[in-house]
Amino acid sequence: MSDLRTQASQRSAEGAALGDGSLGTPAVEMSQVCKYFDGGLVKALDGLTLRVERGECVAVTGPSGCGKSTMLHLIAALDSPTSGTIRVSGIDLSEERDLAGYRRGHLGLVFQLHNLLPQLSARQNVEVAMFGTGMNRHQRSARARLLLADVDLEGMESRPPTRLSGGERQRVAIARALSNEPDLLLADEPTGNLDERSVDRVLDMFRRLRSERPAMTMIIVTHDPRVAASADRTVRLRDGRVDQHSAI
Amino acid sequence: MSFAGLILHNITVRKLRLALTALAVAIGVLTVVSLGVVTHSLESSDLALLKTGQADFTIAQKGVADLLSSSIDGASVARVKLVPGVAGVTGVLIGTAKLNSDNPQFLEIGINPSQLSAFGVTVVAGSPFQAQAANQLMLGWKAAQSLGLHVGDTITLDKNVFKVVGIYSTGQSLGDTGAMLPLAWFQTYQRQPDQYTLLFVQIAPGSSVTAVQSRVDREFPQLVSIRTLQQFGRADRSLSLILAADRGATVLAVIIGAIVVMSAMTMSFIERTREFGVLSALGWTRRRVGSMIMSEALLIGLIGVAGGLALAVLAVLGIQHLPSLRGVLHPDYTVGVFGRALYTAAAMVVLGGLAPAFRAALSRPLEALRHE
């Protein structure tokens, strides 16, 4: 993965312009964040406050419905909070107008169901994340190949998702999430649907990522204690709030 | 993979959607182009007929079903000649005869030989027929060429045998593919004594064509003067109806095509809602998502145009060989016809693709990601 860092893509201008990049600024800062649904009947997040430092790997755990995924969606600006503020690398998301640029320039997203596009090959799935970053198609293609090789999928670049195992699909999704050299990697149950062997490989990949990209912040929503154990810190949510912090 | 490559990939991977949508566009283009070519060819034929006389304007009977049904009596011809500003009037009787299966409607023009020059006719071989001759005619040079006939040969029209005494040229394609016969004999043969189909009017130098035309229209309410193709409909209701049908069919083709395109695309894009959510989550702007959808729609439209044009050419070929139209319809594939095909397809695709494109571009990423 260090090779990839030296061949880092050109981050999109608008994305790069976001954030001040100063070391003292936390990677993610959530303050009194509430997210209500159905007119307040469902309180997915209810006054959540959380600070994640740069380069930190935080596992978010908690029972189903405690707001883990909602928290991730808000940080990814896929949804907006009912109240409270969210800052990512110093950017107040409520004031950010170019949210697509923010996601493209700062975030890597790994979904539980990988969300690969079925009509595209593994390589093309990685490439689509690089549209709008200023890279030409040759650069995108070369980078996608490198990323796939780095997640041990060399030789499978032209396979569509339907011809990949669950673990392989998740690794394609990780390669895609890394394509734009994100500051922040958000993973929602990345091992949720995987068999034991695939879980081991994904965990190994996260360990490698942490050692090779120490500046990259990772927030991993998980139910899996092994994933949680691999993080610097575990945050347990309950009823839409932080219930417990525990350093590993 | 380039953006264009992604678009191409997206449409080719969904072959059924591509086929159905392109077929809808193709049917629209087929309708518009084939009707357009046929009507334009008919318009051109009619215009060519008018231009054959090399007149300043033409006079026909008002409100006839088609121009060749026009009938003007000799007394009217004499009165038109007296209208101030009129320098000369050439009256002709026009008919058609079945020559053979390739020429089911061979053009026959009855004309007085003394008016050939005024009518813009040049005798290029042989000599003009005699005014009272019963078995003489002149062939247009194109007709002579296609039939392989020369001066001195004979030709049978409607069981009458004629001697070809001359070959003429009018400078107009339609006129040169027919024959000219003595007016007196032709009027008798057609049982239309002292009747004319069209009058070709020449204006005196210094006179205003428009003013003379207005005067004729005013003084002869049963007649109508024609100078331009736009005025043609005043005399020929059939052509007006065909043109109206052509325009109506174009509008219908666009509406029906747009509905089919919209339906096919909406269904396809609803299926792809999650895909658009993923792209948004990956940092694609709404504009890029919308551009991708519209580009896919336009590319499908282009494929439909190509297919529709090919089908239209085949359809026109088929129409051209219908027994009733053989030798009459000369397809004219103008830039305008192809332009109509393009804007018809563009209208269908834009109308059909815009709503799904907006829907996809404006959908919230999270809702799209949750779409089943």
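Student: Which residues touch the most other members of the largest nonpolar core?

Tutor: This is a predicted model, in which local features need pLDDT of at least 70, side-chain atom pairs count only at pLDDT 80 or more, and totals for chains, interfaces and linings use all residues. Residues are numbered from 1 along each chain as its sequence is written, while chains are lettered from A and ligands numbered from 1 in the order in which they are written. In soluble globular proteins, nonpolar side chains tend to be buried together. A nonpolar core is a set of buried Ala, Val, Leu, Ile, Met, Phe, Trp, Tyr and Cys residues joined through C-beta atoms within 7 Å. A residue is buried if 20 or more other C-beta atoms lie within 10 Å of its own, exposed if 12 or fewer, and partly exposed in between, with C-beta atoms placed from the backbone. Here the largest core has 121 residues, and Ile75(A), Leu186(A), Ile219(A), Val25(B) and Val29(B) touch the most other members.

Student: Which helix gives the most to this core?

Tutor: Helix H2 of chain B (residues 15-52) does, with 13 residues. Helices (H or I, at least four residues) and strands (E, at least two) are DSSP runs, numbered from the N terminus. A second, separate core of 49 residues includes Ile94(B), Val165(B), Ile167(B) and Val216(B).

Student: What does Val29(B) touch?

Tutor: Two residues are in contact if their C-beta atoms, placed from the backbone, lie within 7 Å. Leaving aside residues up to four places away in sequence, the contacts of Val29(B) include Gly304(B), Val305(B), Leu309(B) and Ala341(B).

Student: In what order do the strands of the open sheet in chain A lie?

Tutor: Strands of a sheet pair through backbone hydrogen bonds, either parallel or antiparallel. Two strands pair if DSSP finds at least two bridges between them. In chain A, 4 strands form an open sheet in the order S2-S1-S4-S5, with antiparallel pairing. Strands S2 (42-52) and S5 (91-92) stand at the edges with a single partner strand each, so one side of each lacks a neighbour in the sheet. S1(A), residues 28-37, is joined to S2(A) by 8 bridges, and Glu29(A) stands opposite Arg51(A) in S2(A).

Student: How many residues does each chain give to the contact between them?

Tutor: Chain A gives 20 residues and chain B gives 18 residues. On the side of chain A, helices H4 (99-106), H5 (122-128) and H6 (137-150) each give two or more residues, and H4(A) gives the largest share, 4 residues. That side divides into 8 nonpolar, 7 polar and 5 charged residues. Here Ala, Val, Leu, Ile, Met, Phe, Trp, Tyr, Cys and Pro count as nonpolar, Asp, Glu, Lys and Arg as charged, and the others, Gly among them, as polar.
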